[in-house]
Amino acid sequence: MSEAVGVSIRESSQGYQLRVVQEVLLALLAAEPSHGYQLRARLQLALGPLAASLNAGQVYVTLTRLERAGLVASERVGQTDRPDRKVYALTAGGQARVAEWLTDTSWPKPAPAEFHLKLVAAAAGGLADPVRLVDAQRHTLLAELAAVQRAALAEPDDSLAGLLLEGVVLRLQADLRWLEACAGYWTATKGR
Amino acid sequence: MGRVQLVCRLAARDLRRRPAEAALLLLAMTAATTTLTLGLVLHGVISKPYQSTREATAGPDVIAGVVPPAVGRRPADLAGLRALAAARGVTGHSGPYPVTWTRLAANRQSATAEVQGRDVAPASIDQPRLTQGNWVRAGGAVVEAAFAEALGVAVGDEIVLEGRSFQVVGVAITAATAPYPEVSCLGFCPGPAGLVWVTRADTRTLTPRAQSLSYVLNLKLADPAAAPAFARTHNPPRDNAPPGTRPADPEPPLLLAWQDIQAASANLVRNQRKALLTGGWLLVLLAVASVAVLVGGRMADQIRRVGLLKAVGGTPSLVAVVLLAEYLAVALFAAAAGLTLGRLPLPCSSTPVRASSVARVFRRSACRRSAS
Amino acid sequence: MNASELPLRAGPVVCARGLRMEYGRGPALVRAVDTVELEVSAGETLAVMGPSGCGKSTLLHLLGGLERPSDGEVWLARRRIDRLTENALARLRRGAIGFVFQAFHLMDELTAVENVELPALLAGQSARSARRRATELLEQVGLSDRADHLPSALSGGQRQRVAIARALSNEPLVVLADEPTGNLDSTATLDVLRLLDSLRSAGQTLVIVTHDARIAATADRLISMRDGAFVEETRLTHGTTKRLGELAGLEG
């Protein structure tokens, strides 16, 4: 999975890094081959104000890494009045990786950016119906909520542990509410 | 059993929740039923009061009367009156009875009374039927029932005739005249006068002179249906004198057939009955409209109840019963109230003077029924 | 027909085959429920979620016989109910199905205990036995001290618990709840949540339509609906608390 090229959430002096930036870029490339700057622009559009805190060079660094891992291939395209630019395209391995990522419903600690980008990438590449992705994620979360809630209900009323469990329940509930909003958004977008 | 209790409970509670509306509903429906009952009762009253009076009192077929002339001191033509008793077709008579008109004071009211002198012994024709008390005696007067109600007098009260005090010893009905104030006039009527019977002797004391007495004679015919013809035959020809003026010479007797008295009796009631019926129907329409508004205004609430009952398993018929039960309950109360109010047997001597004649007739017949 | 009469090794309690509900015609045709297949086993709690207008309430009404489907079959314990007469359906709703609504739908003029005994009285039971059962049920939902209160004197959560007690009155085969916590605040929701959980433990078959995730999480099985059709189904009871540490923020 993400251990392939070993990236995790880490604060750096140059801004935040996105844990699943590889998967996002791969998914964005699934629609068509793109230049690095085009991919970066798409990310900025999807992240809005948050894009500013993203590490400036992360996109290019990641693309290089992906090429080394054989998940993308690059081509130099000659330009008349500018230095040549690389165009990146998805390989078969890259496509497989994307498909795996889309169906993965593991839910990290609060990281709406990742899921948000997953939906954006899926919609952009025509890879999957974002609404269905939301449904699947919701159900996973609800199963977890069910488990936690059962544990919470089993605790006596004034239990200390019960308070902690309640906190977990409420965060999951909040996540689920956001997922409903996502479903609403992407359903409406589909209609347009 | 549980279902019945449930329906009753739901109906009662819903009514209790909106008492003002329920009261309005009850009022509207009661007004309607009372009016309809009154109408029905009146219908019964109007149909045959006169006939029953006639039978009960051996009412006369023809009444003949004479008055003394206005000018001069000559008496009435008593002989002419008596001669009628022997006319063809007459099978019996009673009287002649002396008659005079006097002022009457009673219960702080005054009126005009037509005082008729009678024997203590019952007459064969036109013996007034007592609804209260006893027949005439010295110092004792019997008042015609409608007159008594109008005055508000009963047996034991005092009336003053021409300054002389009499005690009311009885109240009676008669077929010889229409009920007060529709008295039948025989030639001369000093306005609406009520009939009062006293002894012959007492009658004489009420006039300054014997010659100023009038007389009345009751006749029975072989063929009661021929009474109008008989009256026409024996009545003097009409002259051109203005009505109400007394002639100079002693006039021949004037005759009145019983059919005319019956007509006068019915007239009393006919117009007022029309008014009452019209008013009654308007009231019914108003009641129906109010009911419709009250019921309709609660439709939204009732629809909600219907939905709820349906969801917890009420069959359509039960739901309908629940809806109707309250209105049915109110309607039943209203019907009972209306029937009672419409047929209330009020005591015969507790009416204000200005009560409508219709009500008087109605109460008279109620009194009559309760007395008979 | 009620729960006590259900044979031991029966099939599903509630069953829907090819269920369809359409309104309007031609271009204005609306498919509220679009060819739904469903089975609910005895003692199972099923939650149905979905956005507004997805047809989940309509589905519940069809399962409960409150509406007749345009097409398809609805079975309740081996008895087909979508073609019954109004009277038969009424008897069914009285005995075999208990309904809980978002707006409680209690009769405002009856006290709590009178509301709870309503189905029993409708079924023809004697006043005494109906009252006895109603008192028991109010105790079960924790409202014995409010038995003689009118609904106007009860909080939202209390009213809903009375409504649930009423739904249980005639030992129904299945309790159908349509957004039971839709009108409740978070505290009242917790009360109802606990009650539903206890019903589930007691073996009551439940079908709950909700968009409250916590209420849905009490179910054994969850179905998501969209545009009248089922889109996702998950067993909720298989989840474990393995990830609990992670979810709570402990690095794992």
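Visitor: Where is Leu66(C)?
Guide: Leu66(C) sits in the loop between helix 1 (56–63) and strand 4 (71–76) of chain C. Helices (H or I, at least four residues) and strands (E, at least two) are DSSP runs, numbered from the N terminus. This is a predicted model, in which local features need pLDDT of at least 70 and side-chain atom pairs count only at pLDDT 80 or more, while totals for chains, interfaces and linings use all residues. Residues are numbered from 1 along each chain as its sequence is written, and chains are lettered from A and ligands numbered from 1 in the order in which they are written.

Visitor: What does Leu66(C) count as, and why?
Guide: Leu66(C) counts as partly exposed because it has 18 C-beta neighbours inside 10 Å. A residue is buried if 20 or more other C-beta atoms lie within 10 Å of its own, exposed if 12 or fewer, and partly exposed in between, with C-beta atoms placed from the backbone.

Visitor: Which residues does Leu66(C) touch?
Guide: Leaving out residues up to four places away in sequence, Leu66(C) touches Ala311(B) and His61(C). Touching, or being in contact, requires C-beta atoms, placed from the backbone, to lie within 7 Å. As for Asp82(C), 16 residues along the chain from Leu66(C), the C-alpha atoms of the two are separated by 9.6 Å.

Visitor: At what angle do helix 9 and helix 10 of chain B cross?
Guide: Their axes cross at roughly 145° and come within 10 Å. Axes are lines fitted to C-alpha atoms, for helices over the stretch in contact, and angles run from 0 to 180 degrees between N-to-C directions. From helix 9 of chain B, the contact uses Gln302(B), Val306(B), Leu309(B) and Lys310(B), and from helix 10 of chain B it uses Val319(B), Val322(B) and Leu323(B). That contact has 5 nonpolar, 1 polar and 1 charged residues.

Visitor: And the rest of chain B, what is in it?
Guide: Chain B has 11 helices and 10 strands. Of its 372 residues, 41% are buried.

Visitor: How many helices and strands are in chain C?
Guide: Chain C has 9 helices and 10 strands. Buried residues make up 51% of its 252 residues.

Visitor: In what order do the strands of the open sheet in chain C come?
Guide: The 6 strands run in the order 6-7-8-3-9-10, with mixed pairing. Strand 6 (97–100) and strand 10 (229–235) of chain C are at the edges with a single partner strand each, so one side of each has no neighbour in the sheet. The twist from one strand to the next averages 15°. Two strands pair if DSSP finds at least two bridges between them.

Visitor: How many bridges join strand 7 to strand 8 of chain C?
Guide: There are 5 bridges between strand 7 (residues 174–178) and strand 8 (residues 205–209) of chain C, and the two run parallel. Leu176(C) is opposite Val207(C), which belongs to strand 8 of chain C.

Visitor: Which helix of chain A lies across strand 9 and strand 10 of chain C?
Guide: Helix 6 of chain A does, running at about 35° to strand 10 of chain C. Across the contact of the two chains, 22 residues of chain A meet 21 residues of chain C. Helix 6 (130–154) and helix 7 (160–191) of chain A each supply at least two residues of the chain A side, and helix 6 of chain A has the largest share, 14 residues.

Visitor: Last topic, strand 5 of chain A. How does strand 4 run against strand 5?
Guide: Strand 4 (residues 72–77) and strand 5 of chain A run antiparallel, joined by 6 bridges. Val77(A) has Arg85(A) in strand 5 of chain A as its bridge partner.

Conventions
Ala, Val, Leu, Ile, Met, Phe, Trp, Tyr, Cys and Pro count as nonpolar, Asp, Glu, Lys and Arg as charged, and the others, Gly among them, as polar.
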